[in-house]
Amino acid sequence: MGRGRQKAKATKQARDIKYYSPNTDYSALQRELTGPSSRATSRFADDPPEPDYSAYEDKYAEDLEDDDDEVDTRRIG
């Protein structure tokens, strides 16, 4: 007998949650997303530059191309 009342309450709660829209403080959201700009730039300014790996790339590029031509000759079964 209590199922009808329980279902109505659940439906009302679901509807309240679905259509709930609180007031949004967009300026606070913008402050949170941007953060202090001085902290973000100082963290990356001290990083050393990445080494140049272009000489190694050319050296090993031929090995990678040769591997693609090989065919697997194993028999399955």
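Trainee: Which residues form a nonpolar patch on the surface?

Mentor: In this predicted model, the patch is formed by Y26, L29 and L33, with about 370 Å² of accessible area together.

Trainee: Why is L29 called partly exposed?

Mentor: Buried means under 20%, and exposed means over 50%. The 38% of L29 falls in between, so L29 counts as partly exposed.

Trainee: Where is L29 found, and how do you know that its helix lies largely in the open?

Mentor: L29 is found in helix 2. That helix covers residues 26–34, and of its nine residues the number buried is zero, so helix 2 lies largely in the open. Helix 2 is followed by G35, which has a positive phi, near 65 degrees.

Trainee: What makes helix 1 hardly covered?

Mentor: Helix 1 has 16 residues, and the count of buried ones among them is zero.

Trainee: How do you know that the span of helix 1 is close to the expected one?

Mentor: The expected span is 1.5 Å times one less than the number of residues. For the 16 residues of helix 1 this gives 22 Å, and the helix reaches 22 Å from its first C-alpha to its last.

Trainee: Why is the contact of K12 and D16 called a salt bridge?

Mentor: The cut-off is 4 Å from a side-chain nitrogen of Lys or Arg to a carboxyl oxygen of Asp or Glu. The side chains of K12 and D16 meet at 3.9 Å, N to O, so the pair meets the definition. The structure holds one salt bridge.

Trainee: Why can these two side chains face each other along the helix?

Mentor: K12 and D16 are four residues apart in helix 1 (residues 3–18), so about one helical turn separates them. In general, residues three or four places apart in an α-helix point the same way.

Trainee: Are K12 and D16 exposed or partly exposed?

Mentor: K12 has 53% relative accessibility, over the 50% cut-off, so K12 counts as exposed.

Methods:
Residues are numbered from 1 along each chain as its sequence is written. This is a predicted model: local features need pLDDT of at least 70, side-chain atom pairs count only at pLDDT 80 or more; totals for chains, interfaces and linings use all residues. Side-chain values use heavy atoms; hydrogens and water are left out. Buried means under 20% relative accessible area, exposed over 50%, partly exposed in between (1.4 Å probe, protein chains only). Patches are made of residues with over 30% relative accessible area and no salt bridge: like charges are joined within 9 Å, nonpolar side chains (Val, Leu, Ile, Met, Phe, Trp, Tyr) within 5 Å. Accessible areas come from the Shrake-Rupley method with a 1.4 Å probe; for residues, only the protein chains shown count as cover.
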